[in-house]
Amino acid sequence: MKKVCWPYFDPEFHNLPERIYGPPVCIDNESMEDCTVIKVDSVNKQAILLEVVQVLTNMNLTILKSYISSDAGWFMDVFHVKDEHGNKLQDQNMINYIQQAIGTVRETESTAKANNSEQPNDHSTAIEMTGTDRPGLFSEISAVLADLHCNVVEAHAWSHNARLACVAYISDQSTDNPIDDPHRLATIEDHLTTVLRSSTTTSPIQSCYDTATATPQEVKTAGFPEGSSNMITDVERRLHQLMLSVGDFDGPHFDHSMNSSSSAAATPPRSDGNEEGRKTIVSVENCHEKWYSIVSIDCKDRPRLMFDTVCTLIDMQYVIFHASITSQEGRSFQEYFIRHVDGYALSSKEEKDRVIKCLEAAIERRVCEGVRVELSADNRVGLLSDITRVLRENGLTVVRADVETQGEKAVNAFYVRDISGKEVDMDFVESVKKEMDDVVIDLEVKNNGGGGRQPSSPPRTSSSSPGLFSLGDVLKSQIERISHNFIPIK
């Protein structure tokens with residue numbers, strides 16, 4: 001009888017890289033005195049850097065430094081991080097979670113499990129909206145959803161350069177179940193599209209921008225699209241994508257002719273805070289020897305900054321081969337070595353200028369030069385509509401919103417500005433808070449916006465500011481009607 005032979009495959013062969021190079025995720029609390037070092041080694045794939053940064057960002061970790069190398073098919077990354085309180089990572093549960101989450105990114109090529117805090121609610125329907133922004137638009141959107149008997153389970157809205165992007169999760173008012181009836185979803189889309197299209201009239205704010213191409217007004221009632229490697233798109237990444245799709249990077253135009261003779265393209269620096277003479281600077285130049293384009297960023301440091309810049313480059317179809325990120329004295333210095341997915345470096349000045357503008361927009365759109373107002377209340381249908389209507393009727397417009405449901409409570413955070421687009425004076429807001437001390441609502445008010453202007457005139461008083469009485473009086477008169485159970489944010 002003839003002997004049959006076949007090749008032998010070691011069942012542990014798939015673990016060979018780990019056995020050679022060590023564990024894919026190493027968390028080191030010994031090497032540095034003031035931070036934790038996270039090392040990631042893995043076979044390289046498109047957008048793995050974004051997925052790892054997304055995991056760290058969702059854990060509210062501050063990335064102080066990072067060194068990235070993903071050439072020759074292997075991904076090696078080092079992060080110096082602190083927790084949200086500025087300390088090393090000491091919680092073993094958090095350490096285990098990070099190792100498991102990044103391991104999931106590496107092994108299964110999916111961050112769905114790693115980002116369960118950001119996933120759409122199983123009992124709600126995702127709806128996306130984009131369009132031209134105007135004062136009071138978010139309030140009108142909230143009112144339409146309330147009129148259509150939709151409960152807003154969660155919502156996030158960004159506005160930048162006269163554009164709006166909003167992602168909301170809604171459920172049926174009577175059953176709290178997802179809305180899956182095609183006819184009802186079509187009705188919701190039609191009503192919201194009507195509201196968005198009514199903002200196409202050019203406003204004083206919009207007149208500063210290039211309006212040759214109209215901003216598309218779009219509403220989609222569907223789940224998030226799948227990102228690279230079948231990952232479920234993070235809600236903040238989706239907001240970046242939506243803002244990019246409506247061209248929020250097309251702000252006031254500058255003359256770049258002074259750079260035409262240089263190998264580098266750069267835009268005039270933009271203000272990013274109260275620091276005199278320190279602006280956001282983005283430049284792009286080519287490294288002809290290695291066929292890379294080098295993107296350099298110098299801007300004010302803030303949480304989630306690396307996520308915003310990496311997200312933008314990946315969504316613009318660029319591959320990051322090497323990078324270096326450092327933070328020093330409140331400034332962030334980032335350098336990325338990139339190529340387009342087709343393998344070529346940036347070849348034209350127009351392409352470089354577009355990358356610069358998109359990165360500037362990504363840095364700016366999360367920073368709100370407004371007053372942050374936080375409140376919590378017993379959740380009910382129409383609560384969001386009532387709150388935003390009170391703000392709108394008293395000359396305040398929402399420039400960013402984060403609305404969530406935690407159990408039976410609705411937790412809302414708004415950045416608000418004066419209806420003209422200017423930031424509200426903190427003296428004015430603090431005076432309103434004092435007037436509302438005797439009301440059963442306690443607002444947490446913070447001036448978190450970068451570049452917040454200081455009052456140039458004496459603080460407003462009740463005798464000189466009718467608007468102050470208006471806001472306080474209306475809030476007092478309507479508060480019992482919209483809710484009897486407001487509680488303070490702690």
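## Phe-79 and its contacts

Leaving aside residues up to four places away in sequence, Phe-79 touches Thr-36, Val-37, Ile-38, Leu-49, Val-52, Val-53, Leu-56, Ile-63, Lys-65, Ser-66 and Met-306 (contact means heavy atoms within 4.5 Å). This is a predicted model, in which local features need pLDDT of at least 70, side-chain atom pairs count only at pLDDT 80 or more, and totals for chains, interfaces and linings use all residues. Residues are numbered from 1 along each chain as its sequence is written, and side-chain values use heavy atoms, with hydrogens and water left out.

A nonpolar core is a set of buried Ala, Val, Leu, Ile, Met, Phe, Trp, Tyr and Cys residues joined through side-chain atoms within 4.5 Å; buried means under 20% relative accessible area, exposed over 50%, and partly exposed in between (1.4 Å probe, protein chains only).

## The whole chain

The protein chain has eleven helices and 18 strands. Helices (H or I, at least four residues) and strands (E, at least two) are DSSP runs, numbered from the N terminus. Of the 490 residues in the protein chain, 51% are buried.

## Helix 4

In helix 4 (residues 137-147), the buried residues are Leu-137, Phe-138, Ser-139, Ile-141, Ser-142, Val-144 and Leu-145. After helix 4 comes His-149, with a positive phi near 60°.
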